Amino acid sequence: MTMPAFYIPHGGGPCFFMDWTPPDTWNALGDWMRSIPATLPQQPKAQLVFSAHWEQPQFTLLTTRHPGLYYDYYDFPPHTYELQWPAPPAPELFERVRQCMRSAGMPLAEDSTRDFDHGVFVPGLLMYPQAQVPTLQISLRRRLDPQEHLALGRALAPLRDEGVLLVGSGMSFHNMRAFRYGDNTPIEGAEAFDNWLADAVCSPNAAVRNEALAEWEKAPGARFAHPREEHLIPLMVIAGAVGTAQGRLAWHGRAMGAPLSAFSFD
């Protein structure tokens with residue numbers, strides 16, 4: 001059975017596990033992520049996550065057998081550095097990922113020492129708080145070329161038919177200077193890119209969708225929404241992995257003034 005694939009906004013650091021003003025700043029997004037497992041056709045054999053917070057010169061597979069957590073955020077409350085998420089490893093899938101990459105003629109490096117960054121463990125704590133699903137992670141490639149990441153998704157597409165849930169973990173809007181702390185007033189100019197992105201991802205023509213994503217910088221408000229594109233690039237991986245499946249706006253809301261969108265592909 002083919003598993004859906006998702007591009008999710010993973011919030012700000014450990015935002016779902018702390019107090020905010022207004023108090024419901026991140027509640028709607030957190031509730032939606034908690035609801036994802038119930039929408040799946042079966043519990044995933046494993047999940048493979050592409051996080052905005054890991055870039056390497058080459059695509060790199062995290063092969064640490066029992067990853068800890070890399071608290072790659074700063075100046076948050078002390079308890080957020082005590083979060084735990086001991087997801088089981090998936091060593092039997094390491095070779096399957098290698099095979100997919102070899103078949104596509106794409107080099108794959110490995111890192112057996114890295115821990116899960118917050119782009120992996122924060123959504124993981126929401127979706128699978130019991131940490132019962134084996135989890136793998138593959139880095140982005142540092143030059144952040146959209147076409148290369150679309151190709152990465154195409155290479156790993158067979159995993160969807162093998163019970164693996166693919167998750168692109170980023171943010172559909174990621175201009176840190178524009179966020180409104182303690183104020184959910186809409187950010188002027190942010191809607192243009194959000195509207196364009198929904199239209200592009202939900203196009204019924206996958207070729208049109210992928211061409212638009214590859215040329216995302218031409219979109220209205222593109223560089224305002226993403227001064228640097230690492231939080232958008234995980235979407236390219238997912239778009240490449242889903243073939244002709246049409247994207248769907250799975251969740252839309254606002255946090256800290258920014259419009260945020262999540263997408264699913266069945």
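## Core and helix packing

Let's start with Trp32, which touches Phe6, Ile8, Ala250, Trp251 and Ala262, leaving out residues up to four places away in sequence. Bear in mind that this is a predicted model.

Trp32 also stands out in the largest nonpolar core: of its 95 residues, Trp26, Trp32 and Leu156 touch the most other members. Which helix gives this core its largest share? That's helix 8 (residues 233-241), with seven residues. As a bit of background, nonpolar side chains in soluble globular proteins tend to be buried together.

Now for the helix pairs. Two packed helices are described by the angle between their axes and the distance between the axes. Here's how the two pairs look:

| Helix pair | Angle | Axis distance |
|---|---|---|
| Helix 6 (residues 206-214) and helix 8 | about 160° | 10 Å |
| Helix 2 (residues 91-103) and helix 4 (residues 146-156) | roughly 120° | within 8 Å |

Take helix 6 and helix 8. Their angle is about 160°, and angles over 145 degrees count as roughly antiparallel, so helix 6 and helix 8 are roughly antiparallel to each other. Helix 6 passes helix 8 in a left-handed crossing. On the helix 6 side, the contact is made by Arg209, Asn210 and Leu213, while helix 8 brings in Leu235, Met236 and Ala239. Sort the residues of this contact by type and you get four nonpolar, one polar and one charged.

The crossing of helix 2 and helix 4 is right-handed. The contact of helix 2 with helix 4 divides into six nonpolar residues, no polar and no charged. Leu156 ties this back to the core, as one of the residues that touch the most other core members.

Finally, a look at Gln47, which sits in strand 2 (residues 46-51). Is Gln47 buried or exposed? With a relative accessible area of 3%, and under 20% counting as buried, Gln47 is buried. Setting aside its neighbours within four places in sequence, Gln47 is in contact with Trp85, Met127, Tyr128, Val133, Pro134, Thr135, Leu136, Val164, Leu165 and Val167.

Definitions and conventions
Residues are numbered from 1 along each chain as its sequence is written. This is a predicted model: local features need pLDDT of at least 70, side-chain atom pairs count only at pLDDT 80 or more; totals for chains, interfaces and linings use all residues. Side-chain values use heavy atoms; hydrogens and water are left out. A nonpolar core is a set of buried Ala, Val, Leu, Ile, Met, Phe, Trp, Tyr and Cys residues joined through side-chain atoms within 4.5 Å. Buried means under 20% relative accessible area, exposed over 50%, partly exposed in between (1.4 Å probe, protein chains only). Helices (H or I, at least four residues) and strands (E, at least two) are DSSP runs, numbered from the N terminus. Contact means heavy atoms within 4.5 Å. Axes are lines fitted to C-alpha atoms, for helices over the stretch in contact, and angles run from 0 to 180 degrees between N-to-C directions. Angles under 35 degrees count as roughly parallel, over 145 as roughly antiparallel, 65 to 115 as roughly perpendicular and the rest as oblique. A crossing is left-handed if the near helix is turned anticlockwise from the far one by less than a right angle, and right-handed if clockwise. Ala, Val, Leu, Ile, Met, Phe, Trp, Tyr, Cys and Pro count as nonpolar, Asp, Glu, Lys and Arg as charged, and the others, Gly among them, as polar.
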